[in-house]
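Good morning, everyone, and thank you for making time for this.

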Amino acid sequence: MPREWVLATGNAGKLTEMRELLAPLGVQLRAQSEFFAEEAVEDGLSFIENAIIKARFASAKTGLPAIADDSGLEVAALQGRPGIYSARYAEGYHGHSATDALNNQKLLDEMAGVENRQACYYCAMVLVRHSEDPVPLIGLGQWCGEVLTEPRGDGGFGYDPVIWMASHGCAVSELPKSVKNQISHRAQAIQALLAQFE
């Protein structure tokens with residue numbers, strides 16, 4: 001398989017993180033934004049389906065092997081919401097567009113007074129050799145904590161300020177980046193994917 005792959009995102013932070021995690025394979029990872037501006041239509045009903053859709057789209061556009069992830073937060077008391085809609089959870093909430101801060105506020109509002117605060121981050125990481133690959137490689141990661149009652153810390157992104165990790169005695173947003181990159185749902189999914197190359 002070629003050692004040049006496309007990452008199905010234009011997110012610079014994710015590109016940097018993925019380059020570090022894939023360094024052992026000697027892969028040259030390029031962002032899809034280097035090749036095209038369109039976004040895949042994520043109309044799957046699971047993280048796995050949406051990751052496959054994104055990877056196939058990027059591979060079809062570039063002719064390269066493509067890697068994609070789809071991830072989000074599943075809250076037990078909310079029947080799994082926000083789930084695959086994590087990034088746009090608060091779209092239209094109080095008449096505003098979804099942002100990390102508004103997503104967090106909506107989650108805290110919905111969890112007000114709720115006793116069961118368990119929440120799990122999930123990540124599905126997919127690699128396709130070509131756009132019609134019949135056997136994409138799939139790595140899964142799960143990282144569980146609890147929903148706080150107010151935001152803490154200023155690191156990370158997404159729901160990190162409102163998720164407490166009892167194992168480390170802090171919010172995800174308070175973890176050093178080096179620690180998060182070793183234990184997060186995305187790190188677990190990448191390791192599961194890399195294990196399939198050994």
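Let me begin with a definition: two strands are said to pair if DSSP finds at least two bridges between them, and the strands (E, at least two residues) and helices (H or I, at least four) are DSSP runs, numbered from the N terminus. What we have here is a predicted model, in which local features need pLDDT of at least 70 and side-chain atom pairs count only at pLDDT 80 or more, while totals for chains, interfaces and linings use all residues. Residues are numbered from 1 along each chain as its sequence is written, and side-chain values use heavy atoms, with hydrogens and water left out.

Now to the sheet, which is open and built from seven strands in the order β2-β1-β3-β4-β5-β6-β7, with mixed pairing. Its edges are β2 (28-31) and β7 (170-171), each of which pairs on one side only.

Which residues of β2 stand opposite E4 and W5? For E4 the residue is Q28, and for W5 it is L29, while the strand pair itself, β1 (residues 4-7) with β2, is parallel and held over four bridges. On β1 we also find V6 opposite A66 in β3, and β1 and β3, running parallel, are joined by two bridges.

Together with helix α1 (residues 12-22), β1 and β2 make a right-handed β-α-β unit, where right-handed means that, with the strands pointing away from the viewer, the path from the first strand over the helix to the second runs clockwise.

Finally, please look at the loop between β3 and α3 (100-110), where P82 lies. The peptide bond from R81 to P82 is cis, with omega near 0°.
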